[in-house]
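Morning, everyone. Let's walk through one model together.

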Amino acid sequence: MAQSIFSLSNRSSNQFWLYSLAGGLYTVGAGYLISKLGGAGAVLAILAPLLLGLLILVFLEPRFGLFLYLQLCFIVGFARFVHVSVPAGLLVDGVLALTLLSLFLNGQRMEWSRLRSPAFFFVAIWFLYTVIELFNPEAPYRPAWFFHVRAFSLHWFLVACMVLVAPITRKDVRIFVNSWLIWSFLAALWSFKQQYIGLSPDELAWLYSGNNAKTHLLFGQLRAFSFYSDAAQFGAEMAGATLVALIRVFEEKKVHYKAAYALLTLIFFWGYAVSGTRSALFVLLAGFPFYLLLKRDFMKLLIGFAFAVPLFLLLMYTSVGSSNYQVQRMRSALTPMNDPSFILRLQNQAKLRTYLQDLPFGAGIGTSTDMGARFSPWHWAAQIPPDSWYVELWIETGRVGVTLYILMLTGLAGLGVYQVWRLKDPWMIKVMYGFLAEFFGIAVMGYSNPVLGQFPTNSVVFISTILIATSYRWDRKPETSDSDIDQPLPAPLHYEAI
C-alpha cells in the first residue's frame, strides 16, 4: 500500500515538473515572439497551442484534416481583416500535406482499395496531364506552374485520395453539409450588413485597392462580396446554396423542415441578388432542371418550364422591375449581346483563338491571370483577360487540356447520376441530389467566371464530387434505423463491375 502511494506521488511529481517545463518554455517563447514581432507576435503566441492541438488531431485522425481543410477554405476570406501578410494558399497546402501524411501514418485503418474508384481515375488522369504540362516548351516562366497547378488539379487529386481512403461515416457527411450551409448563412448575413449598413474600414481599404472598385461599385451600387474573395465568388456560392436549400424544400417530408429550408432559400437567394453576379443565375437555371431530370419527374419538369418561360420572357423583353438594381443585373444576364463586357469577352476570345491555333497544349500552366501578370507580364497570355474558367484552361493547357477537363467533369457527373439512381436511403438521396445539381450548375457557370479555381467553391466541389461518386458507402434501406450513423458500409459486390 505504501509503495503504491509512493508510486502515485512520484508520478504526480514527474507530471508537475513536465508541465512546469512546458509552461516555462512557452512563456519564454511567447516573450521572444512579442519582443520581435510586437502585436503579431502576441497573436502567434496565443494561436501556437491551438495550432499544436490541431496538428496532433490531424495526425491522429485524417478525417479531421479533411474537415479542417474545408473550414480553412472559408476562413481565408477573412485575410483582408488581418493587417499581416497571411500566406492563405500555403496554409491550405500545409493542411492537405499533413492530412496526406496522416493517411500513411494510419495506413492500417485506411481503405486503400477504394482508389480503384472510377472517380479517382478521372481526377488522376487530369492531374497527370497537368504534371506533363510542367514540361510545356511554350511556357515563358516554368516555375509559375507550381503556383497555378494547385487550383487546377493538385488539390482535387489530394482531396480525392483523402475522401476515398479515409473511413468517412454518415455523420461526417452530415457535418460537411451542415458546415457548408452554416458558412453560407453567415456569409449571407455579412453581405446584408455590407449592403444595408456599410463596409468596415478594412473592407473599404480592400475595395479601393487595385481594380476592385471598378468591378464592385457599378453605377453607384455596391456588389456585396461578404468575406469571400470577390462578388463573383460570393454570388456563385449563394446561388449554389439557394439551389441546395430549394431542393431540400421539395425533398423534405416534415413541414417544419420544409419551412426552415424555405427560409434559407430566401436568405441565400437575396445574398445572391446583392452580389450582383449575373452569371451565378445560371447555377439555378442549369442546376434545378438537372435536379428534376435526376428525379425523372418529367411532369414537374414541364410545370417548371411552364412557370419559367414567362419569367424569362418578362426579363428579356420588358422593363418590369428595372428600377431595382438587382433585378436589372439579372435581366442583363439574359441579354448578353446588349452588354459591352460580354462583347469584349468575345473579342478577347477571337484574339486568343489566333494565338492558340498552333498550340494544342496551350501556353503553359501559370501564364495567364494573376500568375501571368506576376511572373511573365510581357507574354500575350498575361495580357488578355480570360474572364472564364474554361478559357483560362484553354490558354494554359490548350484545346487538348480543356477537352480532357470537360471529359473529366462529364465523367464525374455521369458516375454521380449512376450512383444516385441506385441509392435507397431517402436522406442520402436528397443530400446527393443537392450536391450533384449544384456541381452541374457551377460547372455551367464556369464558362463566364473562374469560380471553379477559387476558395471555397472549388473545395466544396472537390469534396462533394467524390462523396457523390462513392455514395453507396452510406446507403441504407428506407426501413433501416438511422441511429447508427457512424458506421461506414461496404461497397456493393457488383460495384467493381463499373
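**Cores and helices**

Keep in mind that this is a predicted model. Start inside. The largest nonpolar core has 113 residues. Those with the most contacts inside it are Tyr-69, Trp-156, Tyr-390, Tyr-405, Met-432, Phe-435 and Ile-463.

Zoom in on Phe-435. Leaving out residues up to four places away in sequence, Phe-435 touches Phe-176, Val-177, Trp-180, Ser-464, Leu-467 and Ile-468. There is also a second, separate core, of 10 residues. Leu-352, Ala-381, Ile-384 and Trp-394 are among them.

Next, a helix pair. Find H5, residues 118–132, and H18, residues 389–422. Their axes come within 9 Å and cross at roughly 175°. Angles over 145 degrees count as roughly antiparallel, so H5 is roughly antiparallel to H18.

Who makes the contact? On H5, it is Pro-118, Ala-119, Phe-122, Val-123, Ile-125, Trp-126 and Tyr-129. On H18, the list includes Leu-393, Thr-397, Val-400, Gly-401, Leu-404 and Tyr-405. By class, the H5 contact with H18 has 14 nonpolar residues, three polar and no charged ones.

Last stop: H12, residues 281–295. How far apart should its ends be? At 1.5 Å a residue, the 15 residues should span 21 Å. The end C-alpha atoms are 22 Å apart, so the two agree.

Buried residues in H12 include Leu-281, Val-283, Leu-284, Phe-288, Phe-290 and Tyr-291. Gly-287 is buried there too. Just after H12, look at Arg-296: its phi is positive, about 55°.

Note on methods. Residues are numbered from 1 along each chain as its sequence is written. This is a predicted model: local features need pLDDT of at least 70, side-chain atom pairs count only at pLDDT 80 or more; totals for chains, interfaces and linings use all residues. Side-chain values use heavy atoms; hydrogens and water are left out. Helices (H or I, at least four residues) and strands (E, at least two) are DSSP runs, numbered from the N terminus. The expected span of a helix is 1.5 Å times one less than its number of residues. Buried means under 20% relative accessible area, exposed over 50%, partly exposed in between (1.4 Å probe, protein chains only). A nonpolar core is a set of buried Ala, Val, Leu, Ile, Met, Phe, Trp, Tyr and Cys residues joined through side-chain atoms within 4.5 Å. Contact means heavy atoms within 4.5 Å. Axes are lines fitted to C-alpha atoms, for helices over the stretch in contact, and angles run from 0 to 180 degrees between N-to-C directions. Angles under 35 degrees count as roughly parallel, over 145 as roughly antiparallel, 65 to 115 as roughly perpendicular and the rest as oblique. Ala, Val, Leu, Ile, Met, Phe, Trp, Tyr, Cys and Pro count as nonpolar, Asp, Glu, Lys and Arg as charged, and the others, Gly among them, as polar.
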